[in-house]
Amino acid sequence: LDQKKNKYLLAEQALIVLHYVLFLSVLSQMSILRAVTFFLIAQTSCGFFLAIVFGLGHNGMSVYPASERPDFWKLQVSTTRNITSNWFVDWFSGGLNYQVDHHLFPM
């Protein structure tokens with residue numbers, strides 16, 4: 001394993017565990033029906049918001065047949081776009097409004 005990529009691995013794992021502990025502690029305070037409803041609404045909302053962000057960055061861009069795909073760099077630049085707007089769009093999309101950068105330099 002690459003030590004550079006795993007610099008924050010332990011912290012990331014601890015925060016994921018903390019997230020689920022807190023999430024389950026909130027759900028445990030609700031009735032089963034309310035907890036299931038809360039969970040379904042939260043998951044659906046998150047999926048909807050992610051679909052909006054991904055749709056803005058990818059829809060309407062070039063699509064290539066597999067036999068005619070350009071090289072990696074051109075493919076990434078021509079099939080995604082950056083969305084420049086205001087602070088709310090930056091916050092709402094969590095930085096994914098910079099799709100070209102995200103695809104060229106994934107972390």
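The legends below describe several views of one predicted model.

**View 1. The helices of the predicted protein.** The protein holds five helices and zero strands, where helices are DSSP runs of H or I with at least four residues, strands are runs of E with at least two, and both are numbered from the N terminus. Read along the sequence, these elements give the pattern α-α-α-α-α. The radius of gyration, taken over C-alpha atoms, is 19 Å, well over the 13 Å that the globule rule (2.2 Å times the number of residues to the power 0.38) gives for 107 residues, so the protein is more spread out than a compact globule. Along the principal axes, its C-alpha atoms fill a box of roughly 55 × 35 × 35 Å.

**View 2. Burial in the protein.** Of the 107 residues in the protein, 16% are buried, which here means under 20% relative accessible area, with exposed set at over 50% and partly exposed in between (1.4 Å probe, protein chains only).

**View 3. Leu18 in helix 1.** Leu18 belongs to helix 1, which covers residues 9–28. Because its relative accessibility is 44%, Leu18 counts as partly exposed. Between the C-alpha atoms of Leu18 and Gln99, which are 81 residues apart along the chain, the separation is 29 Å.

**Notes on the views.** Residues are numbered from 1 along each chain as its sequence is written, and side-chain values use heavy atoms, with hydrogens and water left out. As this is a predicted model, local features need pLDDT of at least 70 and side-chain atom pairs count only at pLDDT 80 or more, whereas totals for chains, interfaces and linings use all residues.
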